Amino acid sequence: MSRIKNLDIILDKLASAKKVAMLTGAGVSAESGIKTFRDPDGLWAKFNPAELASADGFMSNQQLVWDWYQERRSIISECKPNAGHYAIAEMETMFEDFALITQNIDRLHQTAGSKNIYELHGNIVENHCFDCGEPFLEDINPQDNKMPPCKKCGGRIRPSVVWFGEMLPEYDLTQGITAAEECDVFFSVGTSAEVFPASNLPIIAADSGAFVIEINPTSTVISPRMNKVIRMTSAQALPIIVEELRKRTGK
């Protein structure tokens with residue numbers, strides 16, 4: 001018996017949907033062992049974000065920032081996608097148009113098999129030169145704390161994540177907004193809905209007439225605007241939704 005209240009309403013909406021969009025946040029990866037930034041014992045708890053995730057912080061203490069990101073890479077390299085990631089990848093195959101917009105930088109969605117992904121905050125897998133912007137294509141060993149020099153200018157290499165004060169990738173943001181405006185059903189999954197502009201995407205979808213579903217164990221500031229709220233984790237709720245939708249549609 002499903003624990004999701006009024007699941008039939010959600011399934012009805014999905015069964016008739018042509019375009020589905022989903023926003024995912026740190027809560028999706030938390031179930032793979034990657035702590036969220038806002039947990040009391042999370043990644044930000046012991047550090048000042050301005051020292052670790054900003055251009056000023058990098059210029060002030062490059063080695064500290066590099067060491068911290070290397071530690072994060074090491075943690076992420078040991079983590080695997082969870083049931084939520086795999087359900088999202090499976091859901092993508094069930095619709096004519098499915099857009100996944102993520103705030104996560106760990107690339108676990110790609111590992112699980114998702115393809116049409118827009119990374120609003122960049123990713124920790126790729127790197128580029130802080131000084132000239134040239135992509136750094138060599139592999140980074142998470143266990144090596146020596147910062148490699150840029151092959152083009154000899155400058156400083158940094159992870160290709162979006163730091164505080166930096167602009168989001170224009171293409172990914174534009175595509176995410178378009179997906180929110182045009183979708184029939186929108187999911188907000190595992191996100192605190194506190195980081196703009198990502199937090200505005202569910203509102204854009206709602207204002208554009210989409211049926212909007214929030215999947216999150218705790219209430220958020222956007223919860224009152226949602227058509228349906230599921231107080232479960234993504235790894236708990238999404239496999240149920242995918243399984244029941246497959247039964248209903250035969251896809």
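Predicted model: local features only at pLDDT ≥ 70, side-chain atom pairs only at ≥ 80, totals over all residues.

User: How many cavities of 30 Å³ or more does a search of the whole structure find?
Analyst: Rolling a probe the size of a water molecule over the atoms shows where empty space is left. With the cut-off at 30 Å³, the search of the whole structure turns up 1 cavity.

User: Which element gives the most to the lining of the largest cavity?
Analyst: The largest cavity has a volume of about 30 Å³, and its lining includes Leu 108, His 109, Gln 110, Ile 117 and Glu 119. Two elements give two or more residues each, strand 3 (117-119) and helix 7 (108-112). The top contributor, with 3 residues, is helix 7.

User: How many charged residues are in that lining?
Analyst: Among the lining residues are Asp 106, Arg 107 and Glu 119. Sorted by class, the lining has 4 polar residues, 2 nonpolar ones, and the charged count is 3.

User: Which strands are at the edges of the open sheet?
Analyst: The open sheet has 3 strands in the order 5-4-6, with antiparallel pairing. An edge strand pairs on one side only, and that picks out strand 5 (135-136) and strand 6 (157-161).

User: In strand 6, what is the bridge partner of Cys 129?
Analyst: Strand 4 (residues 122-129) runs antiparallel to strand 6, and 4 bridges join them. For Cys 129, the partner in strand 6 is Ile 157.

User: What angle does the direction of helix 5 make with that of strand 4?
Analyst: Helix 5 (residues 62-77) packs on the sheet, where it touches strand 4 and strand 6. Taken against the direction of strand 4, the helix 5 direction makes an angle of about 140°.

How values were computed: Residues numbered from 1 in each chain as written. Heavy atoms only, no water. 1 Å grid on protein atoms, 1.4 Å probe; cavity = no way out; pocket = protein on both sides within 12 Å on 5 of 7 lines; lining within 4 Å. Points joined across faces, edges and corners; volume = space filled by probe spheres on them. Helix = DSSP H or I, 4+ residues; strand = E, 2+ residues; numbered from the N terminus. Nonpolar A, V, L, I, M, F, W, Y, C, P; charged D, E, K, R; others polar. Pairing = 2+ DSSP bridges. Contact = heavy atoms within 4.5 Å. Axes fitted to C-alpha atoms, helices over the stretch in contact; angles between N-to-C directions.
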